[in-house]
Amino acid sequence: MTELNKLTLAEARDALRKGDTTSVELTEACLKAIDAADALNAFVHKTPELAMERAKAADERIKAGNAPSMCGLPIGIKDLFCTKGVPSQAASKILEGFKPEYESTVSQKLADAGSVMLGKLNMDEFAMGSSNETSVYGNAVSPWRRGNDDAQLTPGGSSGGSASAVAADLCLAATGTDTGGSIRQPAAFTGTVGIKPTYGRCSRWGIVAFASSLDQAGPMTKSVRDAAIMLETMCGHDPKDSTSAELAVPDFEAMLTGDIRGKKIGIPKEYRMDGMPGEIEKLWSDGAEMLKAAGAEIVDISLPHTKYALPAYYVIAPAEASSNLARYDGVRYGRRATLEAGDGITEMYEKTRAEGFGHEVQRRVMVGTYVLSAGFYDAYYNRARRVRTLIKKDFEDAFAAGVDAILTPATPSAAFGLGEMTEADPVQMYLNDVFTVTVNLAGLPGVAVPAGLDSQGLPLGLQLIGKPWEEGDLLNTAYALENAAGFVAKPQQWW
């Protein structure tokens with residue numbers, strides 16, 4: 001059998017059921033891989049004792065029969081999810097030392113299903129970033145390298161630690177969150193699969209909030225089948241989250257037939273950006289051909305308000321962030337600045353927030369506060385909300401015209417080097433989200449599937465966007481694309 005940490009969720013589940021291995025052995029293999037991979041800086045809070053305890057309990061459950069699909073499978077949890085008694089600090093200095101007394105709904109569902117938490121994963125601070133360079137823990141590093149170049153590459157963001165850990169086989173899968181592409185962009189950069197479900201499909205309770213009307217949790221896995229297995233466990237109605245949908249969760253894995261004959265796949269003309277690299281353009285047309293060969297009908301569509309998506313997103317997301325992050329004031333939990341004699345409560349707020357938040361978080365809080373201020377509320381925030389409605393309608397019109405899914409690139413390029421996009425021009429970094437933010441603004445499900453390598457041997461991904469609540473159908477189309485693309489490349493071990 002291959003090294004245990006290199007198994008997919010599906011392979012490991014089947015091996016556990018057959019008795020070929022145990023959860024303890026799987027967990028030990030992953031813990032060993034994690035300890036040897038400090039150079040990637042993917043795991044930032046390791047929980048080996050908790051992992052072994054859960055693995056032993058999972059083995060008992062499997063022996064007794066009737067264990068759920070995720071039982072005994074070792075996974076990583078993004079540091080944005082609150083985990084009881086384990087540091088949960090959203091990669092921010094301001095939450096230093098915070099150990100929640102409760103468990104997020106998603107991580108609780110995974111624990112109830114018997115999955116084994118190996119530890120917490122690196123991310124951009126408060127999930128704000130596209131390269132995992134804003135973390136208080138330092139940069140997460142991609143296991144991939146360009147050709148013979150030793151330059152460290154970004155694993156994407158904000159779920160960079162999750163993407164790096166899954167791509168490097170440190171865990172079998174990981175949780176991520178996606179506010180503007182934070183699952184799909186890192187998945188595309190690292191040759192893994194990431195799905196952002198429909199807004200409301202997974203509970204947001206116990207996940208540190210960035211932008212509440214956009215945030216959604218999802219799995220990051222080694223294959224589409226694994227995404228289906230893990231997503232089913234993560235989904236479900238939660239009375240503690242008022243935006244959680246009261247809908248039955250289908251058996252997503254059972255829907256993976258690979259048969260997409262007669263499906264209509266839309267190609268939006270607005271996603272053909274000026275200056276798009278030829279390799280991305282070719283990958284996109286190759287992906288359309290693959291789906292066509294599998295029996296789908298390819299149709300050109302128009303999503304006319306796409307060009308307004310990035311500006312609208314970068315008004316709405318910071319506005320919600322400035323409101324959500326107002327609670328970090330040094331009073332109730334997390335870090336409190338050292339005060340001098342004569343300092344009052346205002347000085348405590350100012351000093352705590354100034355030293356607790358990193359530059360990117362401060363920048364977005366200031367932008368958000370500005371667009372919500374009395375003189376600018378209508379000019380910016382309300383206008384952005386109206387644009388959001390138009391973007392949502394574009395998708396509704398396409399689906400009403402009979403389109404089943406939409407195929408686009410996932411990212412405008414392959415992974416770039418850490419430090420290559422300087423802080424001097426944050427807008428350059430924001431452009432990384434150009435293909436992904438529309439999906440969050442419209443609340444739709446979107447999945448990134450690895451589909452090829454660029455000329456330097458780096459992974460490139462394609463994105464499929466589906467109808468609301470139809471993740472099963474979307475995953476089946478992704479499964480057909482995955483089968484046709486036949487992506488099997490893995491990073492060469494250097495760490």
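Modeller: Leaving aside neighbours within four places in sequence, Phe-126 is in contact with Leu-80, Ala-90, Ser-92, Ile-94, Leu-95, Val-208, Phe-210, Leu-325, Tyr-328, Phe-357 and Val-361; contact means heavy atoms within 4.5 Å. This is a predicted model, in which local features need pLDDT of at least 70 and side-chain atom pairs count only at pLDDT 80 or more, while totals for chains, interfaces and linings use all residues. Residues are numbered from 1 along each chain as its sequence is written, and side-chain values use heavy atoms, with hydrogens and water left out.

Phe-126 is one of the residues that touch the most other members of the largest nonpolar core, together with Met-70, Leu-170, Phe-395, Leu-407, Leu-464 and Leu-475. That core has 148 residues, and helix α9 (residues 309-324) gives the most to it, with 10. A separate, second core has 7 residues, among them Ile-183, Met-220, Ala-410 and Ala-448. A nonpolar core here is a set of buried Ala, Val, Leu, Ile, Met, Phe, Trp, Tyr and Cys residues joined through side-chain atoms within 4.5 Å. Buried means under 20% relative accessible area, exposed over 50%, and partly exposed in between, with a 1.4 Å probe and protein chains only. Helices (H or I, at least four residues) and strands (E, at least two) are DSSP runs, numbered from the N terminus. In soluble globular proteins, nonpolar side chains tend to be buried together.

Phe-210, a contact of Phe-126, also lines the largest cavity. By class it has 3 nonpolar, 6 polar and 2 charged residues, where Ala, Val, Leu, Ile, Met, Phe, Trp, Tyr, Cys and Pro count as nonpolar, Asp, Glu, Lys and Arg as charged, and the others, Gly among them, as polar. About 70 Å³ of space lies in this cavity, and the structure holds 4 cavities of 30 Å³ or more.

On a 1 Å grid over the protein atoms alone, a cavity is a set of points where a 1.4 Å probe fits but cannot get out; a pocket is an open set with protein on both sides within 12 Å along at least five of seven lines, and lining residues have an atom within 4 Å of a point. Grid points are joined across faces, edges and corners, and a volume is the space filled by probe spheres set on the points.

The largest pocket holds about 440 Å³ of space. Of its 22 lining residues, Thr-8, Lys-222, Ser-223, Phe-487 and Val-488 lie nearest the centre. By class, the lining divides into 9 nonpolar, 7 polar and 6 charged residues.

Helix α15 (residues 471-485) also carries Asp-473, whose side chain meets that of Lys-263 in a salt bridge (3.0 Å, N to O). Lys-263 lies in the loop between α7 (224-234) and β7 (264-268), so the pair ties together parts that are 210 residues apart in sequence. Asp-473 counts as buried because its relative accessibility is 16%. A salt bridge is a side-chain nitrogen of Lys or Arg within 4 Å of a carboxyl oxygen of Asp or Glu, and by this rule there are 30.

Two other pairs can be set beside this one. Arg-184 and Asp-178 form a salt bridge with their closest N and O atoms 2.9 Å apart. Arg-184 is buried at 0% relative accessibility, and Asp-178 is likewise buried at 0%. Lys-392 bridges to Glu-396 at 3.1 Å between the closest N and O atoms. Both lie in helix α12 (residues 377-400), 4 residues apart, about one turn of the helix. An α-helix has 3.6 residues a turn, so residues three or four places apart point the same way. Lys-392 is partly exposed at 37%, as is Glu-396 at 42%. Salt bridges also link Arg-13, Asp-14, Arg-225 and Glu-253 in a network.
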